[in-house]
Structures are given as C-alpha cells and as structure tokens.
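This briefing is arranged by topic for a reader who has the sequence and the coordinates at hand. Please consult the structure below alongside the points that follow.

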Amino acid sequence: MRVNEKYSTLPAEDRSVHIINICAIEDIGYLPSEGTLLNSLSVDPDAECKHGLYLRDGRRKVDYILVYHPKRPSGSRTLARRVQHGDAAPAARGTRQDQPLPGKGDVGAAGGPEPPMDYHEDDKRFRREEYEGNLLEAGLELERDEETKIHGVGFVKIHAPWNVLCREAEFLKLKMPTKKLYHINETRGLLKKINSVLQKITDPIQPKVAGHRPQTTKRLSYPFSREKQHLFDLSDKDSFFDSKTRSTIVYEILKRTTCTKAKYSMGQGEGRKKDSALLSKRRKCSKYGITSLLANGVYSAAYPLHDGDYEGENVEFNDRKLLYQEWASYGVFYKYQPIDLVRKYFGEKIGLYFAWLGVYTQMLIPASVVGIIVFLYGCATVNENIPSMEMCDQRHNITMCPLCDKTCSYWKMSSACATARASHLFDNPATVFFSVFMALWAATFMEHWKRKQMRLNYRWDLTGFEEEEDHPRAEYEARVLEKSLRTECKSKERRHIPEESTNKWKQRVKTAMAGVKLTDKVKLTWRDRFPAYVTNLVSIVFMIAVTFAIVLGVIIYRISTAAALAMNSSPSVRSNIRVTVTATAVIINLVVIILLDEVYGCIARWLTKIEVPKTEKSFEERLIFKAFLLKFVNSYTPIFYVAFFKGRFVGRPGDYVYIFRSFRMEECAPGGCLMELCIQLSIIMLGKQLIQNNLFEIGIPKMKKFIRYLRLRRQSPPDHDEHGKKRQRYEADYTLEPFAGLTPEYMEMIIQFGFVTLFVASFPLAPLFALLNNIIEIRLDAKKFVTELRRPVAVRAKDIGIWYNILRGVGKLAVIINAFVISFTSDFIPRLVYLYVYSQNGTMHGFVNHTLSSFNVSDFQNGTAPNDPLDLGYEVQICRYKDYREPPWSEHKYDISKDFWAVLAARLAFVIVFQNLVMFMSDFVDWVIPDIPKDISQQIHKEKVLMVELFMREEQGKQRLLGTWMEKDRKKDEPCNSHGPKAGLDSPEYPGGAP
C-alpha cells in the first residue's frame with residue numbers, strides 16, 4: 001500500500017492502520033498530533049481473535065459492511081485516492097489528501113505490465129472513492145480488507161463513533177431509555193391471583209430469555225438529544241446503542257450520502273458511443289448513494305453483521321446464539337417466542353411480523369377445537385342422517401340418468417352411498433354454526449391483534465412514532481433526472497442556443513452534473529406513468545385470463561377423462577370414476593397453482609418496477625397489492641368453480657349444455673358438490689403448505705447456499721479449503737442469502753388465512769391443519785432468519801401496514817362467501833324448505849325423491865342415448881336427475897317447477913339474513929373491544945405526566961441555580977455599592993446633595 005511518509009511516525013511494518021477520521025475528532029474539538037493519533041490506532045496483535053466483529057484495533061465495532069469486486073485500474077491513468085471535504089478546515093484537508101483507506105490491499109500499485117483499459121471499472125472505482133470520502137466527511141470510520149479468504153471480493157468495514165451515533169440518533173428522534181425508573185401499574189385482587197396462577201402454569205413454555213417475563217418497572221423513554229445527555233444513563237457508551245440501532249444509524253447515513261461529483265476516466269480517441277454509455281451510467285447514480293451504487297454494481301452487497309456464530313463449543317455467548325437455542329430450534333416448538341429479543345436483534349418490523357404470526361397461531365387453537373367438534377358431530381350423526389340413509393337403501397331402486405353421452409349407461413343411486421355419507425361429515429347443521437363462529441373469530445382475531453400491537457408499541461417505545469417520508473428510490477431519481485435532462489434540452493432547442501459539435505460532450509456532462517439540482521423541481525406525474533399504468537392493467541387482465549383458461553383446461557380434462565374411464569371394461573374403474581377424476585384434477589390444479597405463484601410473483605415485481613414508485617414504502621405497497629391480487633385469483637379460482645359454478649349450467653337430459661359441441665358440462669354428485677369442494681380445498685391447502693411453504697423454504701435456500709459455495713470454491717485459490725474455517729464474520733455473512741423482505745412470508749400466511757375463513761363451511765378441519773403448519777412455520781422462518789439469511793437492516797414500524805387492511809378485507813369477504821356456500825353449495829336450505837313446507841310428517845323422509853326430477857328416455861336427442869341401455873339388466877323407461885323440473889307427463893314438461901323458485905327465494909333470504917346478522921355481530925365485537933387496552937392507555941398517560949414533571953424539576957433546578965448565581969453576584973457588588981452613595985451625597989451632581 002502506498003502511503004506518504006510524512007503522515008506516519010511508525011515503523012514500516014506497523015503501518016497497516018492509518019488516520020481515517022479526523023473530521024469526527026474535529027467535531028468534538030480535539031485534534032491530537034500525528035504521532036499520538038497513529039499510535040492510538042496501531043495494530044492490536046490479538047485483534048484477529050475478534051473474528052471480524054471489530055476493526056483492526058480490536059476496540060471499535062464493525063457496524064456495517066460494503067462489499068465490492070476490486071479490479072486493477074486501467075493503465076491509461078494512475079488514479080489517486082482523493083476525498084472531497086466540502087467546508088473542512090484547510091489543515092485537516094492537508095492531512096487527509098491522497099490518503100488511502102486503512103486496511104489490506106493495494107489497488108493502485110505502480111509498476112508491472114499495463115493492463116487493458118476498462119473505463120467502466122475505473123468509473124466504479126471513482127464512485128467508490130468519492131462515496132467513501134463523503135462517508136468520511138459524514139464522520140464514519142472506514143477500513144478496507146481485500147486480502148480475504150474469498151477470491152476477488154473486497155470489504156469496507158464501517159464504524160460509527162460516539163459523536164456520530166449521538167448526532168444521528170437526535171436526527172432520527174430515536175427514543176432511548178432515561179435514568180428515570182417508574183413502577184408499572186399492577187393488577188390487584190382477583191385478577192392478580194389469576195395472573196400469578198397463569199404464570200405458574202405457563203412457566204414451562206416460557207423461553208429462557210432475560211426480560212421475557214412481565215416487568216414491574218420500566219425506564220422512561222425520551223427522544224435522544226445531545227443537549228440533554230444528562231437525562232440518559234451513559235455509564236457504558238459501548239452498549240448504550242445496541243448493534244441493531246448502530247446499523248440502522250449507519251444505513252441512514254449510507255442512504256442519504258450522495259455520489260454526484262465522480263469524474264470519469266476517458267481515454268483519448270474513444271468514440272461518442274462509449275461516452276454516451278458512461279453518461280448513461282452516470283445518470284443512474286444521480287442522488288442518494290447506497291441504493292444507486294448497489295443497483296449499478298459499484299458495490300455488490302451492503303449488510304450489517306450478525307453478532308457472532310450460533311453454534312459451536314467455543315463460541316462466545318451472543319444474542320444470535322440465544323435466538324438459535326430458544327427460538328430457531330424445532331425442539332422449542334411448544335414455547336412462546338422471545339419477541340422482545342427478536343425485536344432487539346432484527347428490529348421492530350420483523351418483530352411485529354413474528355408477533356402477528358404468534359397471535360394468529362394462538363387464535364387458531366380455539367378455532368381448531370371447535371372445528372374438530374363440528375367434524376366429530378358429523379361423524380356421530382352420520383347414521384342418523386335420513387337423506388343419506390335413503391340414498392344408500394337399495395330398496396328404493398332409484399335409476400339415475402347417464403353422466404355422459406353414449407359411453408355412459410344408467411346407474412343406481414345407491415352406488416353413490418359412500419359419497420353421500422361422507423358429505424354429511426361436512427354438510428350438517430353444525431356447519432352453519434361453525435361459519436358464524438369463524439366470522440366472529442376473524443373479528444376477534446383482528447381486535448386482539450390491535451390490542452397486542454398497542455402493547456408492543458408501548459413496550460418498544462413506539463408510542464407517538466410517525467413514519468417520515470423515505471428517501472426516493474434510485475430508479476425514481478434516475479427517471480426524474482432523465483426527464484429533467486429532456487426538459488432542459490427541449491428548452492434550449494426552443495431558445496435556439498447554438499452549440500458547437502466539439503463541445504457537445506462537455507455540455508452533456510455539465511447537464512448531467514446539474515441534473516441533481518433539476519430533480520428537486522421535477523416530479524413524475526400520471527402522464528409519465530401512463531404507459532406503465534396501461535401495461536399494468538393489460539398484464540393483470542391477461543394473467544387473470546390465463547388463470548381462467550387453465551381452469552377451463554382442467555374442466556375439459558375432467559370431462560374427457562370421465563368419458564374415457566366410462567368406456568373401460570373394468571367394473572371397479574367405472575365405479576370409481578368420480579373419485580379418480582376429482583383427485584387427479586385437483587393434483588393438476590395444485591401443480592399449476594404452485595408454478596403460477598412463482599411466475600406471478602416475478603410479474604408483479606416487474607410491473608411495480610415499471611411504475612417507478614417514489615419511495616420504498618410505496619413500492620412495497622404496490623407490489624403487495626398486485627401480488628396478492630394475482631395469487632388470490634390463482635389460488636382460489638378452481639375452488640370458486642367447484643363451489644359456485646359446477647353443476648349450475650348443466651342443462652337437463654335431452655337438452656344438455658356442451659363445450660365445443662362435444663364435451664358436456666360436469667354435474668355434481670347426488671349428495672351435492674360440497675364433498676368435492678372439501679376435497680379440492682383440503683388438497684390445495686395442504687399441498688401448498690407442505691410443498692410451497694415448507695419444502696421450498698427449506699430446499700431453495702440450501703440449494704442457493706450450495707451453489708454459492710461451489711462458485712466461491714471455483715473462484716478461490718487452492719488453499720481456500722484449509723482456511724475456510726478461519727473466515728472473518730463479514731466473510732461468513734457474505735455467503736449467506738440476502739434478505740428479500742417480508743412480503744413472501746406475509747403472503748403465504750394471508751393466503752392460508754383465506755383458506756381458513758373463506759370456505760370454512762365446507763372444511764371445518766382447515767383451522768387444525770393451519771395450526772399444525774404454523775407451529776412448524778414459526779420455527780422454520782426463525783431458523784431461516786438466524787442461520788440462512790444475512791442480518792437485515794432494522795426498520796422501525798408501529799404496525800403491519802397494508803397487510804392489516806388485506807386481512808380485514810378477507811374477513812369481510814369470508815362472511816359473504818360462506819353465506820353463499822351454505823345457501824347454494826350445500827343442501828342445508830333445500831332441507832329446511834322441505835322440512836317446513838313439503839314434508840307430510842315433519843321428518844326428512846322423502847327428501848331425496850323430492851330433489852329428483854324424472855326424464856323419459858325416449859326424449860333423448862339423437863346420438864346421445866346410452867350404447868348399452870340394458871347395462872343394469874332391465875330396460876329403463878324413466879330415469880331420474882337432480883333438479884327441480886316438471887315431469888314428462890306434465891303439460892309443461894321439463895320446465896322449471898315452482899319448488900325451484902321457492903328454494904331459490906329461501907336461499908337468497910338466507911344470504912341476506914346471514915350476511916347482515918354476522919356483519920352486525922362482527923361490528924359489535926369490534927365496538928365492544930377497545931383498540932387500546934385500558935392499562936396501556938393509563939401507562940402512556942403516566943409517562944407523559946412523569947416526563948412533564950421531570951422537565952419541570954429540571955427547569956426549577958435551573959432557575960434555582962440561576963437565582964443562586966445572581967444572589968452571589970449581588971453580594972459581591974454590595975461592598976462597592978456601600979461606598980457609592982456617600983460619594984454621591986457630596987457630589988454636586990447628586991440631586992439630593994448640598995448646593
């Protein structure tokens with residue numbers, strides 16, 4: 001490494017650490033001599049034992065890591081590492097000029113053969129130099145390491161000193177605990193005894209984490225202020241800001257530090273195309289730094305460090321290891337989550353996700369219990385169900401019409417006995433009660449979560465926190481800069497300003513450099529985004545049409561397969577046609593749904609990118625909306641078809657409805673479509689949870705990690721393996737998977753919430769399977785965050801954002817859908833109408849015969865009658881089919897009967913009554929349960945009162961101190977004033993003096 005000799009007083013062998021942050025020392029008004037500073041930052045021989053968590057002196061923590069791919073500079077120019085200082089003092093500027101970042105590696109070594117010129121690499125290196133110089137000006141301390149175990153990768157280690165942390169904490173208005181302790185109001189009387197009993201009962205399932213149990217005292221929190229540092233406990237400055245807060249502060253500096261003055265290495269004689277390419281790349285780095293630099297490949301990664309290793313005998317105990325033992329292990333699946341520790345390590349946003357997932361999983365327990373009771377009720381009453389007993393009674397000898405043309409023959413209703421009995425397990429009076437219960441459960445769950453969220457906001461000092469407008473995204477800044485440049489060019493053309501051809505490049509570069517100022521005035525309007533909006537609309541409509549087309553293809557598969565199996569000579573095959581077709585079709589639907597989910601996720605991200613949202617929050621909300629819409633349609637379209645469309649547009653014997661003039665529409669089984677809906681829902685739900693949510697989450701990260709390992713092994717030198725176990729922390733974290741956000745985690749849970757609530761009337765066991773899945777899901781996600789992912793940047797948040805609105809929407813939609821499922825898909829309403837209107841003895845005897853219509857086989861259309869009419873052993877004159885139509889001997893034969901309209905009116909009336917009743921009950925639950933628990937509102941009010949008292953006492957103390965000083969000054973002046981009046985009495989100027 002080339003170092004100017006006048007900047008070092010150490011021996012040559014000890015010059016691996018250098019002056020890196022004079023600006024920060026200037027901020028506190030202390031500038032030691034060179035020798036003192038360099039000696040204070042000299043290499044600690046035992047620093048390597050820190051495993052990369054500290055800089056080379058072994059004392060300063062590494063708060064953030066920037067990763068890049070170092071390349072030798074082009075031979076056309078020797079690039080000096082210069083740092084722009086702005087308004088820094090001239091003396092300080094003189095000491096830092098031409099100073100490389102401390103650490104290993106020499107990028108710009110002189111000598112050797114001249115390599116080929118690479119202007120893009122020079123451009124990236126210039127940007128890194130300028131950006132890192134600006135970080136130094138912001139007060140951060142940097143250290144570079146290019147001699148790593150990973151070949152071709154360099155690391156910049158960033159440390160935020162105390163004064164920078166204080167400054168940024170004040171800017172960000174971070175609430176920090178003060179010295180003031182106060183007691184939390186405790187419950188008294190009976191509630192206190194109940195809480196103590198519950199604590200003893202739940203003690204075995206509590207994680208062994210400090211601070212997890214309810215606290216009786218709490219520190220008063222206040223936004224950090226450098227002027228009021230006396231309020232805070234600063235006895236241990238190293239631990240006052242934890243690693244999560246330090247990385248958040250550094251990330252905020254990285255986001256707002258600009259990269260706008262980098263110069264380009266341009267060789268002589270290069271064409272305008274290369275210049276234009278460089279200008280185009282320059283435009284992409286228009287304003288805010290780290291997001292633009294990552295997008296343009298100047299840096300390949302940026303991430304905070306994990307606290308250390310999570311397993312091993314000689315590993316120092318740290319929060320990551322504690323999380324692995326008490327949270328991310330499958331052996332503790334029965335324990336509560338250490339949410340406070342999760343928040344401390346990963347931040348509030350991730351902490352809220354796992355808290356929400358835990359509340360959702362707990363609320364599934366009562367829903368699962370009630371669902372099991374409903375299912376057991378169906379099992380207990382299956383032998384008492386008169387309609388299914390009539391269907392299974394062979395003495396009734398009901399002959400049904402063929403299920404398909406020509407190849408299908410007549411069949412006995414008793415052959416569908418098993419389906420009818422199984423349908424009763426899910427189609428019974430208890431199902432209606434369970435639908436009402438689940439609607440109220442959804443409302444209670446939302447209210448319970450709001451209260452839990454407020455408790456977490458109080459515990460995590462987020463009360464009063466308001467999200468500020470985020471920095472614009474890099475893509476938005478680039479788009480605005482392009483628009484501003486176009487506007488500037490058009491304005492110049494209108495003014496007819498002459499421009500010589502030789503100066504065109506110079507003018508364009510000047511315009512690009514001035515683009516940052518232009519972007520402050522220019523914004524993207526709906527006109528700029530109109531093409532993207534049209535593309536979004538057309539693409540979403542097309543994707544939905546593709547989903548419908550695939551469902552139609554599966555329908556055709558079911559119809560054609562059923563017709564083909566009906567031609568089989570084996571009686572066992574023909575008797576199981578409906579089960580075979582249903583099972584295979586559902587599996588096809590499952591595979592298609594899983595594949596399209598991945599495709600739609602990528603399409604939704606692409607559609608959101610072309611919209612160019614301004615902030616990350618806006619980008620995330622738009623992405624969530626598009627992805628949810630597409631995945632909702634993809635997941636539920638096959639289920640909606642079975643629930644509301646299958647068997648509705650069949651026609652009747654002699655006048656069936658055909659697809660493509662050859663395929664007859666499907667019919668429901670004599671027991672209804674509810675059993676098939678149950679099969680469809682259960683297979684898709686369980687398949688998605690098992691394959692997509694579990695196998696993919698386990699397999700894909702491990703496969704990506706293995707691929708990265710092979711790639712690094714191929715790129716590394718031969719001695720890589722023997723030193724693989726000695727990697728520094730930042731090297732080990734670089735091999736982990738980058739954090740991609742919480743959208744996939746929330747999305748799979750919201751889709752599952754839809755399965756639990758939307759069609760719960762057809763599958764009461766859905767909450768049970770969701771509960772079992774979530775028990776595994778919590779530990780699976782925890783293990784992924786602790787062991788498989790790089791540590792995410794902690795993000796402050798006081799709620800789960802747009803996901804809460806989606807949950808409320810799904811809950812409201814569930815009431816409507818369950819009303820229609822009970823009314824139109826199940827036989828609940830027809831049974832009630834028959835029992836109270838048509839039954840002669842007040843029982844359900846005769847219900848099956850009442851729901852069947854008669855058809856004269858002589859009325860079949862030509863070419864549609866069965867090829868083997870004697871398949872049952874006798875000639876059939878009249879066959880039956882499920883519908884409410886006039887018999888063939890009626891004057892208006894085969895017309896819809898009055899019974900149909902009576903049942904339809906009852907169904908519509910039930911939908912209206914059920915929907916309004918359940919909606920009212922849900923709103924009543926919402927109104928009765930307050931959003932903010934009473935004890936939390938009292939504690940928040942108490943904090944405000946204590947804070948006012950604290951400042952009043954502080955102000956009174958200042959006044960007393962000021963009064964004491966004034967009293968001392970007055971007493972000092974009294975001896976002088978005691979001689980003044982005597983002199984004044986003898987003076988002729990004194991008014992009361994002698995004449």
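How many disulfides does the structure hold? The structure holds 3 disulfides, a disulfide being a pair of cysteine sulfur atoms within 2.5 Å. This is a predicted model, in which local features need pLDDT of at least 70 and side-chain atom pairs count only at pLDDT 80 or more, while totals for chains, interfaces and linings use all residues. Residues are numbered from 1 along each chain as its sequence is written, and side-chain values use heavy atoms, with hydrogens and water left out.

**Confidence**

- The average pLDDT (the predictor's confidence in each residue, from 0 to 100) is 78 for the protein, and 80% of the residues score at least 70.
- Confidence is highest in helix H13 (residues 348–380), with a mean of 93, and lowest in helix H2 (residues 34–40), with a mean of 33; helices (H or I, at least four residues) and strands (E, at least two) are DSSP runs, numbered from the N terminus.
- Over residues 1–49 the pLDDT stays under 50, and the model has 88 contacts for them beyond four places in sequence, a contact meaning heavy atoms within 4.5 Å.
- Residues 106–112 also have a pLDDT below 50, and this stretch has 12 contacts in the model beyond near neighbours in sequence.
- Where pLDDT is low, the predicted coordinates should not be read in detail.

**Disulfides and other cysteines**

- Cys 392 and Cys 417 are joined by a disulfide with an S to S distance of 1.9 Å; the link is right-handed, with 95 degrees about the S-S bond.
- This pair links distant parts of the chain, 25 residues apart, with Cys 392 in helix H14 (residues 386–392) and Cys 417 in helix H15 (residues 417–426).
- Cys 392 counts as partly exposed because its relative accessibility is 22%; buried means under 20% relative accessible area, exposed over 50%, and partly exposed in between (1.4 Å probe, protein chains only).
- The sulfur atoms of Cys 401 and Cys 879 are 1.9 Å apart in a second disulfide, which is right-handed because the torsion about the S-S bond is about 85 degrees.
- Cys 401 lies in the loop between strand S7 (399–400) and strand S8 (411–412), and Cys 879 in strand S14 (residues 878–882), so the pair ties together parts that are 478 residues apart in sequence.
- Both Cys 401 and Cys 879 are buried.
- Cys 404 and Cys 408 also form a disulfide, with sulfur atoms 1.6 Å apart; the link is right-handed, with 90 degrees about the S-S bond.
- Cys 404 is buried at a relative accessible area of 12%, and Cys 408 counts as buried at 10% relative accessibility.
- Two further cysteines are Cys 379, which counts as partly exposed at 32% relative accessibility, and Cys 678, which counts as buried at 4%.

**Surroundings of Tyr 458**

- Tyr 458 lies in helix H16 (residues 429–459) and counts as buried because its relative accessibility is 5%.
- Leaving aside neighbours within four places in sequence, Tyr 458 is in contact with residues including Tyr 182, Lys 218, Ile 936 and Glu 943.
- Tyr 458 and Lys 798 are 9.9 Å apart in space, C-alpha to C-alpha, and 340 residues apart in sequence.

**Exposure of Leu 190**

- Leu 190 is placed in helix H6 (residues 190–202).
- Leu 190 counts as exposed because its relative accessibility is 63%.
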